[in-house]
Structure formats: C-alpha cells, structure tokens
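This note sets out a few points for a colleague to check against the model.

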There are 2 protein chains.
Amino acid sequence: MPERSATKSKILATSLALFNNEGESNISSVDIASVIGISPGNLYYHYKGKDEIILALFEDFEEEIRQVLSAPINAPLNMADNWVYLYIIFEEIFDFRFFYRNQAELVGRIPTLRTKFANILALKERTALSLLSKLHSDGHLHFDEGEKQALAGRIAQHFTFWLQYHDLRYGTSPPKSLIDQGVFMTLVQITPYWKDEKGYAALLQEFAEDKV
Amino acid sequence: MPERSATKSKILATSLALFNNEGESNISSVDIASVIGISPGNLYYHYKGKDEIILALFEDFEEEIRQVLSAPINAPLNMADNWVYLYIIFEEIFDFRFFYRNQAELVGRIPTLRTKFANILALKERTALSLLSKLHSDGHLHFDEGEKQALAGRIAQHFTFWLQYHDLRYGTSPPKSLIDQGVFMTLVQITPYWKDEKGYAALLQEFAEDKV
C-alpha cells in the first residue's frame, strides 16, 4: 500500500467502514469529516472530495485483489487449498463490498474506474481458468475447452455479482456468513464436472455441514 | 397494458428508447420533451418527472415479464420449446434493458422498485425450478434437490446480471446477438446434468453453430 499520513489513513479507514455499512451513496464527505471529528476543510486538504477517496480506496483494493488473484496463475494450488483460496477471494471482496453493490453507477460516475474494473474482471476469468486447468490436468475434472471457458466466465461473474444478487433478492445487509455461501455456490458449479462424483460430493457435504 | 393517451404512449416509447440507448442516468425529462417536440411543462402535465416515467415503464415490463415467466409454471414446456422460451425471456429483458444495467442505483433511488425487483427475481427462480423439474421428471436431467435449487438460483442470477456483466467486462453497448449468447450460456449451465450427454451436446453444438 502507498505510504500515507495518519490522517489520510484514518480518513480512508473511516470512509470504507461508512461506505460498506451505510451505502456509498448515503455518505457525503461532510459525514466522513464529522465522524472523524475534523472540519470539512481539513478533510478537503487531504482528499478533494468523495470521488478522490473512492479512488484511493480502489487503489488499496486493486493491489490486494491482484495479489490474491495472481497467486494460482503464478503457482498452481493443490486441490485441498482451493477452498481456502476461494474463501480469501470472497473475503477480500467483502472487505471492500461497497464497490460491488453498485458497480454500474460507480463506473458511470468515475470513468477511470471503468477500465480498472474491467481489468479485474478479466483477471478473475484468468484466475478461474488457472484453477480449472490445474484440476483438469490433475485428472479431477472432465470437460472440453468450451465448457472450461464458459465455467471460468461464470465463476468470474459469480465473484462479481454475488453481493448484488443478495441485495436485490433479499434487500438486507449481507451477513458475514454470505462469504461461506459464495464459496459453496462456486464449488457447486464445479462439482458436475467432477470425475469421481462420490468423492467430491462427500467433500462438498463436509464443507456445507461445517460452514453453511 | 393500461390504457393511455397517445401523448403518454409517445412519452413512454421515446423514454424507453432513450434510456436503453443512451443510459437512463444521461437522460433528463427535458431531453425527453425535446426529442418528442413538446414543452417540458406539457411533459410534466402527463408525468411528474423522470421517476414517474420509469415507474410507468416498469409497470409495462412487469406485466409482460410476469406473463412470460409464469408460462412454464402454469403449463410445463416440451424440451424442444425450451430454447425458444429462453430466447423470449432474454429478448424481453433486452427490450427493457436500462432496468438491468443499473439495478442497484435504481432501487436505491426509487424505493418502490426494490420490492418489485425482488419479486421478479423470486419469480425467475420459480420459473427456472419449473423448467428443471420438468426436464428432471421427463428423465433428461440427473441431479439431487440441492443441486436443482442451486442451479435454479444461478439461472435466475444469470438472467439478472447478463447485461451488466457485458457492460462491466467490455464497456460497449450490448449488440442484439447478446441475446443468443445469454441463451447459450443458460444451456451450458444445464448440460453437465444431462443424462444422455452425447445427444444434448450435439443439440447444443447445432444451436451454437446456428446462432452464436
């Protein structure tokens, strides 16, 4: 992460918590200043308005998610590590969830976010492809190239809309257990391609009983 | 559809075209009046602002999509009708696509839309369940109840985020051929559960060569 003054760090941490919990569109920079206990002018001295704060937060998110997503591209994971790995992705998204509850509006309002978001989506697809290719070459999965591509796209889509689906369908704040559900729903998409059906279904069952 | 004056119908048709093609957030009620060639005051006499126009359009959309989505719940479809049926759903969504490119912002701004959207999402899940149950009871699909529920949820999610995924990933206006791709991506999610794998893969291949 970039080095920042204590005040800048405090502004970002407070903004992230407020955006995540109250919704980004409900929070103004005056709200942020008031929660921290500084004047709006002082806040403005550090960040010129809310969109600049959002861009700084996106920088943090981008750096972290890029590291996470690149891991299995750089060095294939063992099968047993996949669940933990998926959990880390969903947790990362959950930690910056305000970006995922209103993407279309954000990229419309802050044009530089559009390319950044598209690049992360493309990276998600590559990550999913790497995971699937490894499981395939290890002999666990059974599909053709077209099915693999389609499945990778679907997993990337699931990472991206998992929170928004919950919002639209249930209209409630996502509980932290939604992370487990996100992981589970990813695994359920992979199981039909599993060769040793019994073995994997049993693993999935275990995961489900443990977590969901 | 509710009976409306010629001017009201014209306002709605023009608004729908502008929202779909230019993006709802880029169009004001003054823009709409100007394209039709009436005064903003005249427009305001018919609809009190843009959100009232949006609600009237949603009423039309809701009536049509409810009819479409209820069809297989009321009377199960033959397998051969499924493709055409899916095509009709995607086409219906495409015709009112501005609702689907920015749902989170719309339901945030117009609270009555939130419940309406959630209800349509719930209906989509029921429709997908009906389609899958029929294919299951006809002996075409092989899955357990949990997998069926998860697949139905995923199909409903796909209907809902299909356009937004394209927007975020590619940043271009969706071409009409995106409808074929939406149908194809739905079918690809069902194929892994197909019992007679060969037969269905061949059908899918035919569909893909024909359409995508």
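What percentage of residues 5-65 of chain A is helix, what percentage is strand, and how far apart are the end C-alpha atoms?

1. The model discussed here is predicted. Residues 5-65 of chain A are 79% helix and 0% strand, with 23 Å between the end C-alpha atoms. In UniProt, an unreviewed entry lists this span of chain A as "domain: HTH tetR-type".

2. Overall fold of chain A. The secondary structure of chain A consists of ten helices and zero strands. Read from the N terminus, the elements run α-α-α-α-α-α-α-α-α-α. The C-alpha trace of chain A spans about 65 × 30 × 30 Å along its principal axes.

3. Division into domains. Chain A is divided into domain 1, residues 1-48, and domain 2, residues 57-211. The centres of these two domains, taken over C-alpha atoms, are separated by 29 Å. Ten residues from domain 1 of chain A and 14 residues from domain 2 of chain A take part in the contact.

4. Contact between the domains. Between domain 1 and domain 2 of chain A, the buried area is about 1100 Å², and carbon and sulfur atoms give 48% of it. The count of salt bridges between the two domains is two. In chain A, the side chains of Glu24(A) and Arg109(A) meet in a salt bridge, at 2.9 Å from N to O. On the side of domain 1 of chain A that touches domain 2, the residues divide into five nonpolar, three polar and two charged.

5. Extent of the interface between chains. The size of an interface is often given as the accessible area lost when the parts come together. For chain A and chain B, the buried area is about 3000 Å², with 60% given by carbon and sulfur atoms. In chain A, the residues that lose the most area to chain B are Phe161(A), Tyr165(A) and Leu168(A), together 24% of what that side buries. The contact involves 35 residues of chain A and 35 residues of chain B.

6. Polar contacts and contributing helices. Eight residue pairs are in polar contact between chain A and chain B, with both residues at pLDDT 80 or more. Helices α6 (103-109), α7 (111-137), α8 (145-170) and α9 (178-190) of chain A each supply at least two residues of the side that touches chain B. Of that side of chain A, α8(A) gives the most, with 15 residues. By class, the side of chain A that touches chain B has 15 nonpolar, eleven polar and nine charged residues.

7. Salt bridges. Side chains of opposite charge can pair when their charged atoms come close. The count between chain A and chain B is two salt bridges. The side chains of Glu125(A) and Arg169(B) meet in a salt bridge, at 3.0 Å from N to O. Over all chains the count comes to 22 salt bridges. Why does the pair Glu125(A) and Arg169(B) join two chains? Glu125(A) lies in helix α7 of chain A, whereas Arg169(B) lies in helix α8 (residues 145-170) of chain B, so this pair joins two chains.

Notes: Residues are numbered from 1 along each chain as its sequence is written. Chains are lettered from A and ligands numbered from 1 in the order in which they are written. This is a predicted model: local features need pLDDT of at least 70, side-chain atom pairs count only at pLDDT 80 or more; totals for chains, interfaces and linings use all residues. Side-chain values use heavy atoms; hydrogens and water are left out. UniProt positions are given in the numbering used here, feature names are shortened, and annotations may be inferred rather than shown by experiment. Helices (H or I, at least four residues) and strands (E, at least two) are DSSP runs, numbered from the N terminus. Contact means heavy atoms within 4.5 Å. Buried area is the accessible area (1.4 Å probe) that two parts lose on being put together, summed over both. A salt bridge is a side-chain nitrogen of Lys or Arg within 4 Å of a carboxyl oxygen of Asp or Glu. A polar contact is a pair of N or O atoms within 3.5 Å; within protein, one must be able to donate a hydrogen and the other to accept it, and residues adjacent in sequence count only if both atoms are side-chain atoms. Ala, Val, Leu, Ile, Met, Phe, Trp, Tyr, Cys and Pro count as nonpolar, Asp, Glu, Lys and Arg as charged, and the others, Gly among them, as polar. Domain bounds come from an automatic or database domain assignment.
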